[in-house]
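The sequence and the structure are shown first, and the description follows.

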Amino acid sequence: MASAVPTFAKIGKVIRLNRHGCTNRPFYHIVVQKTKDNQDGPVIEQVGSFDAMPNNKNEKLVALNFERIQYWLSQGAGLSDPVAQLLGLSGFLPNHPRTLIQAWRNRREPPRERKIDPIIGIAPPLDNPKI
């Protein structure tokens with residue numbers, strides 16, 4: 001007898017971040033890959049992008065193709081934790097528990113003050129009129 005509840009078979013695909021960019025300047029493509037492929041392996045489809053470095057307005061830019069993400073999730077593709085966090089913050093999925101825990105920790109800890117140590121032994125030249 002067949003079950004009335006539809007079951008989704010795992011298709012061996014995952015939606016994950018694929019790192020691009022330079023050293024100290026990461027940029028990520030959100031891609032669909034086979035689960036056994038490594039990060040540099042062949043990509044089935046790119047479904048978004050994520051710029052992890054804040055811009056001059058202190059924003060981290062994310063672009064997502066929700067229709068294709070919904071298609072791949074309906075086909076049984078899995079999600080990596082960072083992509084699940086991004087989709088939770090965007091409102092596509094419920095918030096990831098790690099996001100909630102991080103927000104709770106940020107509220108609990110007081111902000112730290114940075115103290116700048118003075119540089120000892122270096123004085124500006126006396127003949128410089130700009131100082």
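## Aromatic pairs

Tryptophan 72 counts as buried, at 11% relative accessibility; buried means under 20% relative accessible area, exposed over 50% and partly exposed in between, with a 1.4 Å probe and protein chains only. Tyrosine 71 counts as partly exposed at 35% relative accessibility. The ring centres of tyrosine 71 and tryptophan 72 lie 5.3 Å apart and the ring planes stand at 75°, so the pair is edge-to-face. Rings of Phe, Tyr and Trp (for Trp, the six-membered ring) are taken as a pair if their centres lie within 6.5 Å, and planes under 30 degrees apart count as stacked, over 60 as edge-to-face and the rest as tilted.

The structure holds three aromatic pairs. In one of them, phenylalanine 66 and phenylalanine 92 have ring centres 5.0 Å apart and planes at 15°, so this pair is stacked. Phenylalanine 66 belongs to helix H1 and phenylalanine 92 to the loop between H2 and H3, so that the pair links distant parts of the chain, 26 residues apart. Phenylalanine 66 is partly exposed, with a relative accessible area of 35%, and phenylalanine 92 is also partly exposed, with 27%.

## Basis of the model

The model is predicted: local features need pLDDT of at least 70, side-chain atom pairs count only at pLDDT 80 or more, and totals for chains, interfaces and linings use all residues. Residues are numbered from 1 along each chain as its sequence is written, and side-chain values use heavy atoms, with hydrogens and water left out.

## Overall architecture

Three helices and five strands make up the secondary structure of the chain; helices (H or I, at least four residues) and strands (E, at least two) are DSSP runs, numbered from the N terminus. Along the sequence, these elements follow the pattern β-β-β-β-α-β-α-α.

Of the 131 residues in the chain, 25% are buried. The accessible surface comes to about 10600 Å², and carbon and sulfur atoms account for 55% of that area; such areas come from the Shrake-Rupley method with a 1.4 Å probe, and for residues only the protein chains shown count as cover. Among contacts (heavy atoms within 4.5 Å) between residues at least 6 apart in sequence, 32% join residues at least 24 apart.

## The sheet and its helices

The five strands form an open sheet in the order S4-S3-S2-S1-S5, with mixed pairing. Strand S4 (61-64) and strand S5 (78-79) stand at the edges with a single partner strand each, so one side of each is left without a neighbour in the sheet. Two strands pair if DSSP finds at least two bridges between them. Strand S1 (residues 13-22) and S5 run parallel and are joined by two bridges, and valine 14 stands opposite glycine 78 in S5.

Two helices lie across this sheet. H1 lies across S1, S2, S3, S4 and S5 and runs at about 125° to S3. H2 lies across S1, S2, S3, S4 and S5 as well, running at about 95° to S1. For these angles, axes are lines fitted to C-alpha atoms, for helices over the stretch in contact, and angles run from 0 to 180 degrees between N-to-C directions.

## Salt bridges

The structure holds three salt bridges, each defined as a side-chain nitrogen of Lys or Arg within 4 Å of a carboxyl oxygen of Asp or Glu. One of them joins the side chains of arginine 25 and aspartate 51 at 2.9 Å, N to O. Arginine 25 lies in strand S2 (residues 25-34) and aspartate 51 in strand S3, so the pair ties together parts that are 26 residues apart in sequence. Aspartate 51 is buried, with a relative accessible area of 13%, whereas arginine 25 counts as partly exposed at 38%. Beyond neighbours within four places in sequence, aspartate 51 is in contact with Arg25, Pro26, Phe27, Lys60 and Leu61.

Arginine 68 forms a salt bridge with glutamate 45, with the closest N and O atoms 2.8 Å apart. Arginine 68 lies in helix H1 (residues 66-74) and glutamate 45 in strand S3, so this pair ties together parts that are 23 residues apart in sequence.

The side chains of arginine 98 and aspartate 81 also meet in a salt bridge (3.3 Å, N to O). Arginine 98 lies in helix H3 (residues 97-108) and aspartate 81 in helix H2 (residues 81-90), so the pair ties together parts that are 17 residues apart in sequence.
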